[in-house]
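Welcome! Please take a moment to look over the sequence and the model, and then we can walk through a few places together.

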Amino acid sequence: MWDYIKLAVLGLVAVLAAIAANYAHDLAYQVNALTAMLAAAIAFWWALRTAGDYRPQPQNEYNDGVVRAGVIATALWGVVGFLVGVIIALQLAFPSLNFEWAQGYLNFGRLRPLHTSAVIFAFGGNALIMTAFYVVQRTTAARLWGGNLGWFVFWGYNLFIVLAATSYVLGGSQSKEYAEPEWHIDLWLTVVWVAFLLTFLGTLWKRKEPHIYVANWFYLSFIITIAMLHVVNNLAIPVSIFGSKSVHLMSGVQDAMTQWWYGHNAVGFFLTAGFLGMMYYFVPKQAERPVYSYKLSIIHFWALIFLYIWAGPHHLHYTALPDWASTLGMVMSIILWMPSWGGMINGLMTLSGAWDKLRTDPVIRMMVVSIGFYGMSTFEGPMMSIKSVNSLSHYTDWTIGHVHSGALGWNGMITFGALYFLVPRLWGRERLYSLTLVSWHFWLATIGIVLYAASMWVTGIMEGLMWREVDANGFLVNAFADTVSAKFPMYVVRALGGVMFLTGGIIMVYNLWATVARQPARSALTAAIPAE
């Protein structure tokens, strides 16, 4: 019965998507509709092919198939995102690379949101979903709840990535930072995210372990909060059911406040809380040491959750936002420094008694450097939220340097460490193909991040100082074009750092592939065994 319902739903979706493509008002919507039609048709064919095949779910084994798929998607999307980042960095340094024949499709304005979505949502999002599914099963000794719901989350989320990417290139964007997808893509992501929440909660509910490990608290807070942020920030009324464009329910300063409540908490919960869940599981596992202080991890969790949600207004200093609101955001950001460093200290001190591993294990080295970048970014962020500092840094490349030291150093490096940890275990291999290649990846990525961040700090502070320089009569000394010209050397260094980071990512993909393809297999642990 369920097979017939599934076939009917998929068939209906394919037909409705075809109708939508036929009546589409704009190219981005039409391509999205055709993509949805194709996806529904493939799913219909697969469901028809497997209809009637009863395959009992072995409840005493982990569902690692979806985790393996997530590992592959994370690695591949990462390289794609890094590549687009290098292209747009080169376009900024050498504007002639915005080729005339590519205008309207592959110029900087179209590729920039493609890059941010690829690295945050495609690379980071797949990493979070994949590790959440792995960690929640291992720490609860329970198979993923919902049967094939985990597979729906994986394929549905990656369909969202494809829809968003094609939409950006073709001009479909609602022009909200980190929330560019149009209304129809937002609706689909909401459905997928609810399925993600149900899968995670259901697995926790049927756990065999009485205790809920702290990593799961971080993952759960990330899933729930991102759902709330996504829904509220994207409240809109479509202009037409057959077009991309929509009208936001909020406007003016209310829209700006809602956007940066969303934007900063996308950083706070998507790029911080979720990845802290990774840290609290994979660092102790790789170091083979218990978490330094479980009590500190709980304090870290609750302090972070309660404080982060208030920090968004610091993005709107010296704007139409009421001064008390931006001051509140600044104060909360400064206070946030303490729990953030509590988490950094807890992660680093987990290596107590295992510091010697830094000499021999490049994977743990990568994880430790990621925690270091987390600490640095969570000091720099509160500092930049102070109004007097923000008056110099805002709208400059200093902000870009800050974002990338956190994104590449913290999110990128901890994800690389998790991938290196997972692949041998998920595919039943004795070890990684080459620790030497991991070391090459580590040094290329680390030096690349330092070049990128340092060049942006230098050019950002220079930019801010040039913008505020006045002569004896109070007139500005420098035109905007003067600052653009002065930044050229640093932009070349930034692009070089990006090339090094991308090269490290390509080396990682080869190493992970060779681990599976060229290493002898051994039996992988799939039995759901309680940890205690």
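Contact here means heavy atoms within 4.5 Å. This is a predicted model, in which local features need pLDDT of at least 70 and side-chain atom pairs count only at pLDDT 80 or more, while totals for chains, interfaces and linings use all residues. Residues are numbered from 1 along each chain as its sequence is written, and side-chain values use heavy atoms, with hydrogens and water left out.

## Inside the protein

Let's begin with the nonpolar core, a set of buried Ala, Val, Leu, Ile, Met, Phe, Trp, Tyr and Cys residues joined through side-chain atoms within 4.5 Å. Buried means under 20% relative accessible area, exposed over 50%, and partly exposed in between, using a 1.4 Å probe and protein chains only.

The largest nonpolar core has 119 residues, and Y157, F222, F270 and F282 touch the most other members. Beyond its neighbours within four places in sequence, Y157 is in contact with F121, G125, N126, I129, F152, L189, V192, W193 and F270. A second, separate core has five residues, among them A20, Y29, A33 and W183.

## A buried serine

S370 belongs to helix α12, residues 362–385 (helices are DSSP runs of H or I with at least four residues, numbered from the N terminus). Is S370 buried or exposed? S370 counts as buried because its relative accessible area is 0%.

A polar atom of the S370 side chain sits 2.6 Å from the backbone oxygen of M367. Setting aside neighbours within four places in sequence, S370 is in contact with G409, W410, M413 and I414.

## An exposed tryptophan

Now to a loop: W101 lies between α3 (65–93) and α4 (108–140). W101 counts as exposed because its relative accessibility is 66%.

Key:
Helices (H or I, at least four residues) and strands (E, at least two) are DSSP runs, numbered from the N terminus. A polar contact is a pair of N or O atoms within 3.5 Å; within protein, one must be able to donate a hydrogen and the other to accept it, and residues adjacent in sequence count only if both atoms are side-chain atoms.
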